[in-house]
Amino acid sequence: MFPSFVPDKARPLAARPYLVPSIYLICLVGSLLPQGKLRATSVTLLVSYVIWQIPKYTTGEVAQDVLLPVQATLALFQWLDYFALHSENEFSRVKDAGKVPQTWRERLGRNAGLFMSMRGIGWNWKVKNVPEGPSPQTT
């Protein structure tokens, strides 16, 4: 399929479990920087560099060698969609509609929730035909 992602006998055997979490961390920390072309370019290039490191080593298992670049590339696409191509203020939780986070902790919490939500449940965007979650019971 993609010869650069298929395990090669010449690649050193070394599991690098920190690469994908480091991509998410780079994106979350990058989301705290001021919006603009510099943020979009620098974080995109840094994430691309980390993704470029994945095929240099093999885990010894074909499934993991194929899945790691795919997962990392999806994280890059999320970064581009949420923070580079759109303003992060376009997205909000339904319960916090119209509220803009003021502190870096509020921004980090909102951006982490946005970045980890794959189907958009509870956000002002969501995948079509996904039912609403149950409302929390108050006692």
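User: Which residues have the most contacts inside the largest nonpolar core?

Analyst: This is a predicted model, in which local features need pLDDT of at least 70 and side-chain atom pairs count only at pLDDT 80 or more, while totals for chains, interfaces and linings use all residues. Residues are numbered from 1 along each chain as its sequence is written, and side-chain values use heavy atoms, with hydrogens and water left out. In soluble globular proteins, nonpolar side chains tend to be buried together. A nonpolar core is a set of buried Ala, Val, Leu, Ile, Met, Phe, Trp, Tyr and Cys residues joined through side-chain atoms within 4.5 Å, where buried means under 20% relative accessible area (1.4 Å probe, protein chains only). Here the largest such core has 22 residues, and Ile23, Val47 and Phe115 have the most contacts inside it.

User: Which elements give two or more residues to this core?

Analyst: Helices are DSSP runs of H or I with at least four residues, strands are runs of E with at least two, and both are numbered from the N terminus. The chain has four helices and zero strands, and the elements giving two or more residues to the core are α1, α2, α3 (62–84) and α4 (104–116). The largest share, seven residues, comes from α1.

User: At what angle do α1 and α2 pack?

Analyst: Axes are lines fitted to C-alpha atoms, for helices over the stretch in contact, and angles run from 0 to 180 degrees between N-to-C directions. Helix α1 (residues 19–31) and helix α2 (residues 37–53) pack at about 175°, with axes 10 Å apart. Angles over 145 degrees count as roughly antiparallel, and α1 and α2 are therefore roughly antiparallel to each other.

User: Which residues does Val47 touch?

Analyst: Not counting residues up to four places away in sequence, Val47 touches Ile23, Ile26, Cys27 and Leu76.

User: Is glutamine 53 buried or exposed?

Analyst: Glutamine 53, which lies in helix α2, is buried, with a relative accessible area of 13%. Leaving aside neighbours within four places in sequence, glutamine 53 is in contact with Arg16 and Leu19.

User: How much of the whole chain counts as buried?

Analyst: Of the 139 residues of the chain, 32% count as buried. Among contacts with a separation of 6 or more, 67% are between residues 24 or more positions apart.

Note on methods. Parallel < 35°, antiparallel > 145°, perpendicular 65-115°, else oblique. Buried < 20%, exposed > 50% of the residue type's maximum accessible area, 1.4 Å probe, protein only. Contact = heavy atoms within 4.5 Å.
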